[in-house]
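Hello,

Here is the structure I promised to pass on to you. Have a look at it first, and then read on for what turned up in it.

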Amino acid sequence: MDALQANKIVKEFKANYNKNTPDRLKLCDVFCVYYGCLASIVTVYCLVFGSYPFNAFLSAVFACMGCFVLTVALRMQSNPNNAAQFKGMKIQTAFSHFALCCTLLIFVCVHFMG
C-alpha cells in the first residue's frame, strides 16, 4: 500500500463519516478522543515527573478510562443503527444513565484519592 492509496482511504472514510454519522454521535466521538488524550497526558506526566501520590495518578487514569467507556456505551445506545438492541430505550434515559454513572465514577475517584 502506498501513500496515495492510504490518502484515498482516509479521504473516503472522512467523507462517509461526515455524511452518514449524526451530530450527537460525532459529539460522543469527540469526547472519546478527549478522554483518551487526557489519559495519555496524565500517563506521560507521571512518567516524566514521577508519581508521588500514586493513588492520585490511578484515580485520574481510572476516571478518564471510565468516562471513555461510559461515553462509548452512550454512543452505542444513541446510535440509530442499534435501535433493535435497545428496544424501548429513549435517548434521554441513556443520557441520564450516562450522567449518573459519570457522577458516581468521579465521586469514587475523588474518594480514592483521599
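A word on terms before we start: helices here are DSSP runs of H or I, at least four residues long, and they are numbered from the N terminus. Please also keep in mind that this is a predicted model.

Let's begin with helix 4, which covers residues 91-113. Just after helix 4 comes Gly-114, with a positive phi of about 95°. The expected figure takes 1.5 Å times one less than the number of residues.

Which residues of helix 4 are buried? They are Ala-94, Phe-98, Cys-102 and Cys-109. An α-helix has 3.6 residues a turn, so residues three or four places apart point the same way. Helix 3 is among the things that cover the buried residues of helix 4.

The largest nonpolar core has seven residues: Cys-28, Tyr-35, Cys-67, Leu-74, Ala-94, Phe-98 and Cys-102. Helix 2 (23-49), helix 3 and helix 4 each give two or more residues to this core, and the largest share, three residues, comes from helix 4. Leaving aside neighbours within four places in sequence, Tyr-35 is in contact with Cys-64, Met-65, Cys-67, Phe-68 and Thr-71.

Next, a residue of helix 2: Thr-43. Is Thr-43 buried, exposed or partly exposed? Its relative accessibility is 30%, so Thr-43 counts as partly exposed. The side chain of Thr-43 reaches the backbone oxygen of Ala-39 at 2.8 Å. Beyond its neighbours within four places in sequence, Thr-43 is in contact with Phe-57 and Val-61. Thr-43 and Phe-57 are 14 residues apart in sequence, while their C-alpha atoms are 7.8 Å apart in space.

Which residues is Ser-78 in contact with, leaving aside its neighbours within four places in sequence? They are Arg-24, Leu-25 and Ile-91.

I hope this helps you find your way around.

Best wishes

Definitions and conventions:
Residues are numbered from 1 along each chain as its sequence is written. This is a predicted model: local features need pLDDT of at least 70, side-chain atom pairs count only at pLDDT 80 or more; totals for chains, interfaces and linings use all residues. Side-chain values use heavy atoms; hydrogens and water are left out. Contact means heavy atoms within 4.5 Å. Buried means under 20% relative accessible area, exposed over 50%, partly exposed in between (1.4 Å probe, protein chains only). A nonpolar core is a set of buried Ala, Val, Leu, Ile, Met, Phe, Trp, Tyr and Cys residues joined through side-chain atoms within 4.5 Å. A polar contact is a pair of N or O atoms within 3.5 Å; within protein, one must be able to donate a hydrogen and the other to accept it, and residues adjacent in sequence count only if both atoms are side-chain atoms.
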